[in-house]
Amino acid sequence: MQLSRWWELGDPCAWTGQGRGTRRMSPATTGTFLLTGEISNDPITFNTNLMGYPDRPGWLRYIQRTPYSDGVLYGSPTAENVGKPTIIEITAYNRRTFETARHNLIINIMSAEDFPLPYQAEFFIKNMNVEEMLASEVLGDFLGAVKNVWQPERLNAINITSALDRGGRVPLPINDMKEGVYVMVGADVPFSSCLREVENPQNQLRCSQEMEPVITCDKKFRTQFYIDWCKISLVDKTKQVSTYQEVIRGEGILPDGGEYKPPSDSLKSRDYYTDFLITLAVPSAVALVLFLILAYIMCCRREGVIQLVHHSAIQKSTKELRDMSKNREIAWPLSTLPVFHPVTGEIIPPLHTDSYESTNMPLMQTQQNLPHQTQIPQQQTTGKY
């Protein structure tokens, strides 16, 4: 298995080939490489890192959705990387045959001061993923639409960033939702009136109310790109004032060539025994005083003893009354007259218990010889006997 193709995508000015495995780029452009294998049916994954280091440079990113899709290596270098050759080690793994292949990519970063792009605009495209936007035909169509609106002489893609790298959320896997991508382009002429429409108060108010602003040139993008005009950023570097200020040396700043002189070893020893005692004695004395005050309040000023005795007497009296109420005899109501057996005429035994606290007492009770009750004589049959 070999890395058969190293394809050049994105802006044609981004990468310029010089020999096999060597590319040249400038900080003002975005470069893209497509990593693909010879056998498209095999699952292939790629690992990229800076030679001698475990990871890539901070300005270089890599994305591959699945082992069956192509890997995309893209990024925009900074001015600090100018003149430094960057060697990227690319290792390919065939997940079916377990074969590996390695290739070194040399990137030479040149200065972009000869082609300044002071006017920069960043667009947020909602219906694209970063690997879709990095395709040459898609990026070319977008730059063509921007050029039609802006009318510059030179227009380049400066930076392409996924919305996930800006703190965006992973979209739900429904309705073919996309992550979104930020595309920054630079030009050599001021912004057009259409791009300036985002800054008027009416559109700013609509954006604050989460409403879509009214942009006249949106129809030129709408056929392929859905742009969030509330997130567009316009940067004019010609009006940026340098914040660098020359340091004026005065008191408190050492002169050039000054050296730090540590103190000598002949320092006087200090006795910390007194400080140690004070540190322990003062908190201990305060704690002891508080403990004594609390003990006096709890033990010597028991004002609640009388209330406790009174409460105990009430509890005892209540218990005695309850015991007495259980032993007294209560006259049963007339509804509790004796009940006789309809055949034998015998008195049915009492059904209630001796405890009057039961709530299951029946309505009809048997007769008992209790005081203050009227005795009803039993009926006698007339006959010979």
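Student: Which strand holds Leu155?

Tutor: Strands are DSSP runs of E, at least two residues, and helices are runs of H or I, at least four, numbered from the N terminus. Leu155 lies in strand β11, residues 155-162. This is a predicted model, where local features need pLDDT of at least 70, side-chain atom pairs count only at pLDDT 80 or more, and totals for chains, interfaces and linings use all residues. Residues are numbered from 1 along each chain as its sequence is written, and side-chain values use heavy atoms, with hydrogens and water left out.

Student: Is Leu155 buried or exposed?

Tutor: Buried means under 20% relative accessible area, exposed over 50%, partly exposed in between (1.4 Å probe, protein chains only). Leu155 is buried, at 13%.

Student: Which residues does Leu155 touch?

Tutor: Contact means heavy atoms within 4.5 Å. Leaving out residues up to four places away in sequence, Leu155 touches Leu143, Val146, Lys147, Trp150, Val185, Gly186 and Ala187.

Student: What joins the side chains of Thr48 and Arg56?

Tutor: A polar contact is a pair of N or O atoms within 3.5 Å; within protein, one must be able to donate a hydrogen and the other to accept it, and residues adjacent in sequence count only if both atoms are side-chain atoms. Here the polar contact is 3.1 Å. Thr48 sits in strand β5, residues 44-50, and is buried at 2%.

Student: What is the mean pLDDT of the protein chain?

Tutor: pLDDT is the predictor's confidence in each residue, from 0 to 100. The chain mean is 75, and 67% of residues reach 70 or more. Over residues 1-22 the pLDDT is below 50. Where pLDDT is low, predicted coordinates should not be read in detail.
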